[in-house]
Amino acid sequence: KRRADYSPWHKTWHYGSYRKWRLHTWQLTGKPDSWKQQLDLFYKKQPVFALVNGVGNDWQIMHRFCNERSLPCLFPTTDIPGNERFDSYTLYFSQGMILDAKLIAHHISQHDDKNIKSIVQIYNEDDGRAVIAAEKLNQIIQAKNNISVFKNIINNTKSVEGHDSTRFNENEEPYYLVFWGDMRDTTNNKELTNYIENASRVYISYKLNSKEALTAENELNDKIFIAQRFCLDKDRDRQLRRFSAWARLKKIPVTDDQVMSNAFFTMTTLADAIKHMRNNLSGDYLIERIEHMVDNTLFYSVYPHFSLGPDQRFASKGGYIVSYKWNNGALQQEAVWIIPNS
């Protein structure tokens, strides 16, 4: 604040529009069909300049709310972003589970095996993240490849059921398996284990798996491929160094480095953008400023590469397909960086 009160003449433009921020926390409760009404009540009680970060598995309702209000929504931590539109008021870190599906589809098309005519997807229909990823993968594969896609669902009893009375016989022909779930769920599921053991390749999502499941050494590792839209584990500490140093200085315990570093990135980006807006505090101008400045940021949370531009709404556009190879008795990690075309 002293800078704002006593800024030198050549910095007046920079500090002259100083504002005190007030943070309001909007916590939605109950079923999703009541969230729109809750958001309207929050906004009526206290109109705000922007929604900053935020956390939620599915962001569709908030996405529509912000578009209706022309309200900037900056980088929520979510696995299911709203529908992509160039005029959207929400900026996202990535496409979430849809990006995972695109990474897998791209890897399959680039490493096509003519003997593979089938892909089996297994997921829990109660997990919205898995459902949307499976639907997207099916859409891409059916449009581009001459491969049949079978959907199998894990029900509440953990048994695997064929979708629409269609069941794939895992013993008949070679196939790829895409499992949208945690590999730990295979421990007491014989049907699922059979699917994994008989598959030529197994694709899984880094986001849906525990650290223990991803690092467990077993005989299946050399045919498991992991869709990972975040930075590689070996780079994580280095990439989060700026956030970690700030958290130590502020004596804030780091309980979830992804969620907290996402919030840190969003707030520092917002602060920098507002400094350059002077008194032109417009939501559209805020988004435009961020579109042009993100490329030059020094810190972008847990994401490997970051860029935005006019009409772009997803800052991280690519990810890795991580695999394991046995080399002289040691299990080594290999990673391929992919930016999907579709």
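**Close-up views of a predicted model**

**View 1. Phe-75, Phe-93, Tyr-206, Phe-230, Phe-265, Tyr-300, Tyr-303 and Phe-306 together make one aromatic cluster.** Rings of Phe, Tyr and Trp (its six-membered ring) pair if their centres lie within 6.5 Å; planes under 30 degrees apart count as stacked, over 60 as edge-to-face and the rest as tilted. The structure holds 23 aromatic pairs. This is a predicted model, in which local features need pLDDT of at least 70 and side-chain atom pairs count only at pLDDT 80 or more, while totals for chains, interfaces and linings use all residues. Residues are numbered from 1 along each chain as its sequence is written, and side-chain values use heavy atoms, leaving out hydrogens and water.

**View 2. Here is the stacked pair of Phe-93 and Tyr-303.** Their ring centres are 5.1 Å apart and the planes meet at 5°, so the pair counts as stacked. Phe-93 sits in the loop between β3 (90–91) and α5, and Tyr-303 in the loop between α12 and β10, so the pair ties together parts 210 residues apart in sequence. Helices (H or I, at least four residues) and strands (E, at least two) are DSSP runs, numbered from the N terminus. Both Phe-93 and Tyr-303 are buried, where buried means under 20% relative accessible area, exposed over 50%, and partly exposed in between (1.4 Å probe, protein chains only).

**View 3. Tyr-300 and Phe-306 form another stacked pair.** The centres of these rings are 5.7 Å apart, with planes at 15°. Tyr-300 is partly exposed at 24% relative accessible area, whereas Phe-306, at 10%, counts as buried.

**View 4. Two residues other than glycine have a positive phi: Lys-251 and Ser-301.** Lys-251, with phi of about 60°, belongs to the loop between α10 (241–249) and α11 (257–275). Its relative accessibility is 75%, so Lys-251 counts as exposed. Ser-301 has phi near 55° and lies in the loop between α12 (283–293) and β10 (319–327). At 0% relative accessibility, Ser-301 counts as buried.

**View 5. Helix α5 (residues 97–110) packs with helix α6 (residues 128–144).** The angle is about 35° and the axes are 8 Å apart; axes are lines fitted to C-alpha atoms over the stretch in contact, and angles run from 0 to 180 degrees between N-to-C directions. Contact (heavy atoms within 4.5 Å) involves residues including Met-97, Ile-98 and Ala-101 of α5 and Arg-129, Ile-132 and Ala-133 of α6.
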